Structure formats: structure tokens, C-alpha cells
Amino acid sequence: MSKRLYIETVGCQMNVLDSEMVVADLKRHGYELVGSPREADTVLFNTCSVREHAEEKIYSALGKLRQAKERNPEKTIGVMGCMAQKDQQLIFQRAPFVDLIVGPGQLQQIPTLLNNIRDGQGRQLAVSLGRKSGSQERIRRSHETFDPLRDPSMRPTPFQAYLRIQIGCDKFCTYCVVPMTRGPEQGRSPEQILSEAKVLADQGCVEITLLGQTVNSYRYTDEAGQVTRMSDLLRQLHEIEGLRRLKFVTNYPKDMTEELLQTIRDLPKCSTYLHVPAQSGSDEQLKRMRRGYTVADYLEMMERIERILPDAAVSSDFIVGFCGETEEDFQQTIELVRRCRFKNSFIFKYSVRAGTKASERMEDDVPEEVKTRRNNELLAVQDEISAEDNQRFIGQTVEILVEGPSKRAQKKKDDGPLCQMMGRTLCDRIVVYDGNRRQAGQFLPIEISDATATTLIGRVKTVHTGPQLFQLQGTGE
Ligand code: 5AD
Ligand code: SF4
């Protein structure tokens with residue numbers, strides 16, 4: 001029987017990594033990847049629950065497969081990831097033709113569950129325990145990940161990889177479903193992380209992005225009681241030969257300590273791009289969100305970053321229209337964005353999530369049109385700042401890791417060797433230049449000649465030294 005797999009992934013980097021793991025595992029079981037659901041006999045959706053919109057998109061994509069399933073009942077359709085954990089049986093009710101539901105903690109069971117379906121055992125469901133459905137130890141174990149399976153062919157590029165260092169979250173922000181879908185916060189052991197990083201470096205990875213919901217809160221206590229923190233981990237990873245860049249997302253403001261910032265400063269491979277979501281600029285709202293800090297605390301953290309890492313690029317997330325947000329609260333958020341001058345901000349309209357404290361105890365009282373207006377207003381303020389700040393790069397030379405053809409070049413569908421290429425600086429700034437596809441994976445110095453709010457535009461800087469043509473080593477940012 002043929003095993004043709006199509007997988008669609010939405011959501012955060014955790015999901016991209018989970019899909020990589022599942023594909024690697026299924027390939028080992030004889031599956032091959034195909035480019036569309038039509039060609040596939042197994043279709044998997046890796047889903048996100050963080051906002052309603054993401055879920056609606058999945059339900060509508062599932063709806064499109066209903067007829068295909070009626071025509072070909074042998075086609076297996078599966079839902080994995082956060083929405084599987086959150087909605088569980090409800091997915092069978094809303095989309096009765098779905099065969100498989102698998103939470104983020106059960107991904108390693110997928111090959112067996114697919115076999116069960118093939119063997120005629122009917123629909124399969126495997127999810128983790130709820131946050132109050134057993135002992136802490138059993139709940140934790142039900143959310144385990146399976147990370148050692150790495151398949152370079154599934155990565156966005158062969159020279160970049162994600163590496164999970166932490167799963168779950170215990171912060172319980174009142175609006176957020178992640179502590180329920182991804183379970184309790186657990187740091188992976190430094191031994192596991194280091195050995196995986198070495199495998200990746202041996203496979204040719206030059207850049208690793210460490211993943212965790214609150215990655216800088218990383219902590220692991222071994223049996224002897226020895227504690228490893230994020231800064232210790234960075235120091236150990238920094239030693240790995242072949243690795244040239246270490247990035248990490250997402251950070252939690254309260255754990256952006258002096259010690260961690262000093263470690264980042266002292267380790268040249270560490271990215272100085274810091275994504276530290278503020279969520280709101282109003283103390284009242286931060287309290288309702290239960291974020292655990294005040295605006296003054298956040299500003300103090302910004303001051304610490306500025307003092308220790310003056311070249312760092314900080315970005316943030318904001319939720320507009322959270323329960324009880326007044327116009328004054330919103331103006332305070334605008335003020336925070338103006339004061340902090342983030343490199344960029346991801347802005348979201350509040351979306352009620354079942355199972356969260358906010359959904360149980362607070363009223364979603366900001367009308368949709370007000371949310372939309374605030375979203376656009378904040379975006380405009382941030383865009384103006386990003387555009388202004390990017391101007392200062394004009395005339396400078398920055399070092400980038402070339403990732404591949406730019407979005408524009410990809411749209412053109414011309415596959416000649418010359419095209420517009422895209423890469424990123426150590427600070428995560430996007431740079432495009434006219435180059436050659438073969439440059440993907442190289443570190444190149446680019447002289448910047450123009451800039452928009454999101455992109456720096458330049459050309460490869462070359463210098464003549466004697467008879468040979470040398471390429472300048474990048475100067476960084
Ligand atoms: N509604 C809107 N945005 C949300 N986020 C998390 N939960 C919600 C929600 N219920 C946003 C936060 C977080 C980002 C990943 O998604 O800003 O940092
Ligand atoms: Fe959600 Fe808050 Fe945890 Fe981030 S820190 S994943 S927003 S609960």
C-alpha cells in the first residue's frame with residue numbers, strides 16, 4: 001500500500017519543528033512527502049489554537065477535504081497540535097470525516113495510530129491530560145516531546161534549525177491557552193540539548209534557534225541538584241564547532257536578567273535580537289492579563305538591555321482590545337511603543353479562548369471595530385518607528401547569513417541562478433540584494449543603500465586587495 005503524506009503547518013516555530021519531527025518519523029516508516037492533499041493518502045494538519053482565526057482557517061481547510069474523503073474513504077485525515085489538544089472529540093463532531101486527533105505530547109504515536117486506522121480499528125485519538133487531571137508527574141509525562149529525530153530535508157534550509165530547549169508554560173497569562181495545550185513548563189536536559197545541537201552542527205547547521213514559550217526562564221535541575229540556567233546553556237552551546245549563530249525565542253520580560261544579558265554580550269555567536277513581548281502599556285491591563293510585571297519593570301528591563309547590549313534589537317507582541325481596555329489604556333500602549341522604539345511589534349486583536357481565566361471571569365467588552373481600529377493605529381505607529389530606525393543603516397555594511405531567494409524572487413518562478421536573495425543580520429534584520437542562488441548558506445557583507453520599515457536593501461561589498469578579489473568579512477551591526 002502506498003504511503004503518500006501531505007502535511008500542512010500553521011502557527012509558531014514550535015509547530016514547524018513538530019512537523020519536522022513527525023515527517024522524519026513517518027519517512028522512517030516508509031512514507032514519502034507529496035506536494036498537495038490531492039496526491040496524498042494521508043493528510044495531516046498541524047494546528048494552532050492561540051487565536052480563533054487560526055482555528056477557523058483549519059476548520060475551513062478540513063471542510064474542503066470532505067468531498068475527497070467521500071470519494072476516497074481510504075484517505076486518512078489527521079489533526080495534530082494545539083487545536084487537537086484543546087478541542088479533542090469536538091473535532092470529530094465538527095468534522096466527522098477526520099480519522100485522527102493527536103495532541104502535541106503524543107506526536108511519537110502517529111505511525112502506530114495511522115497503522116491502527118489502516119488495520120480497520122477506526123478513529124484514533126491521543127491527547128495529554130488536562131492541567132488538573134492527575135498528579136503533577138503524570139501530567140508532565142503526558143506532555144513529553146520526542147526531539148532526537150532530525151531530518152535535514154524537512155528544515156526550511158539545511159543550514160538553519162530550531163532546537164527545543166523547553167516545553168510548555170506555567171505563566172498562565174489570563175488570555176492564553178498555551179499552558180493548557182502545551183502543558184507544564186519543563187526544561188529539557190542540557191545533555192539532550194547539547195547532543196542534538198552537535199548532530200545539527202555535524203549536519204551542516206550554522207545557525208540554531210533555541211525554542212521555548214519563555215526561553216529565557218529555562219532551568220534544569222539534575223538528580224544531584226545542579227541547576228543549569230539559560231546563560232549556562234548558551235555558554236555550553238557556544239563551544240560547538242561549526243555553529244556560527246545562536247538565536248532564541250520567545251523571552252519573558254521578568255527573566256531578562258543582568259547575568260543573561262552579560263552572557264549574550266560576551267558570546268559573539270549569540271544573536272542580539274531579543275523578542276520580549278510587553279502585551280500592553282497599561283498597568284491596569286497588565287494586571288488583568290496577569291503578566292507579573294508593571295510598565296516600570298518593563299522600562300527598567302529596556303534600560304538594562306540598552307546599557308549592556310546597546311546594539312540589541314528588541315521586538316514585542318501586543319494584544320489590543322483585551323477585556324476592559326479603555327482608550328486611555330490603549331494610549332499608554334502607544335506611548336510604550338514610542339518610548340521603546342521596538343525593531344518591530346506583532347499586534348493581535350484579543351480573541352477569547354475557552355479554558356482560560358479571562359474567558360471564565362472577564363467580559364470580552366471591546367467591540368470588534370474598536371479592536372480593528374486600535375490594531376491599525378498601533379501598527380502605523382510601529383511602522384513609522386521601524387522605517388525611521390532602518391534609515392540609519394544606509395551607507396553601513398552589515399553581515400548577513402543568506403537564507404535563499406527573496407519573497408519577490410520566489411513569486412517570479414524564474415529558476416535561473418541570478419535573482420534577488422534574502423538574508424538576516426545577527427539582529428534579525430531582513431536584507432535583500434541581487435545575487436546568486438548558490439550564495440544560500442554563506443555569510444556575506446552587504447552595503448546598505450536603501451531601507452523600508454521591514455527590509456534593508458543593498459549589494460554585496462567586495463574590495464580589491466592586490467591582484468585577487470577578496471570579499472570583506474562582515475562588520476556585524
Ligand atoms: N488573543 C490574542 N492574542 C493572543 N496571544 C496569545 N493569546 C492571545 C489571545 N487569546 C498573542 C500574545 C502572544 C502571541 C504569541 O500571541 O501576544 O505573545
Ligand atoms: Fe501564553 Fe503567557 Fe505562557 Fe506566553 S508566557 S505562552 S502568553 S501563558
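Author: Start with one pairing: I319 has F348 as its bridge partner in β16. This is a predicted model. I319 belongs to β15, which spans residues 313–320. Its partner strand β16 covers residues 345–349, and five bridges join the two in the parallel sense.

Another strand pairs with β15 as well. Strand β14, residues 273–275, runs parallel to β15 and is joined to it by three bridges.

Now look at the side chains. In a regular strand they alternate between the two faces of the sheet. In β15, A313, S315, D317 and I319 point one way. V314, S316, F318 and V320 point the other way. Buried means under 20% relative accessible area. Eight of the eight residues of β15 are buried, so the strand is largely enclosed by the rest of the structure.

Follow the chain onward. The UniProt record, an unreviewed entry, annotates residues 155–388 as "domain: Radical SAM core". Over that range the chain is 41% helix and 18% strand.

Finally, turn to ligand 1. β15 and β16 each supply at least two residues of its shell. Among the residues around the ligand are D317, I319, F348 and K349. The side chain of R51 has an N or O atom 2.9 Å from a ligand oxygen. For the side chain of Q279, the corresponding distance to a ligand oxygen is 2.7 Å. The protein covers 86% of the 400 Å² of accessible area that ligand 1 has on its own.

Terms used. Residues are numbered from 1 along each chain as its sequence is written. Chains are lettered from A and ligands numbered from 1 in the order in which they are written. This is a predicted model: local features need pLDDT of at least 70, side-chain atom pairs count only at pLDDT 80 or more; totals for chains, interfaces and linings use all residues. Side-chain values use heavy atoms; hydrogens and water are left out. Buried means under 20% relative accessible area, exposed over 50%, partly exposed in between (1.4 Å probe, protein chains only). Helices (H or I, at least four residues) and strands (E, at least two) are DSSP runs, numbered from the N terminus. Two strands pair if DSSP finds at least two bridges between them. UniProt positions are given in the numbering used here, feature names are shortened, and annotations may be inferred rather than shown by experiment. A residue is near a molecule or strand if one of its heavy atoms lies within 4 Å of it. A polar contact is a pair of N or O atoms within 3.5 Å; within protein, one must be able to donate a hydrogen and the other to accept it, and residues adjacent in sequence count only if both atoms are side-chain atoms. Accessible areas come from the Shrake-Rupley method with a 1.4 Å probe; for residues, only the protein chains shown count as cover.
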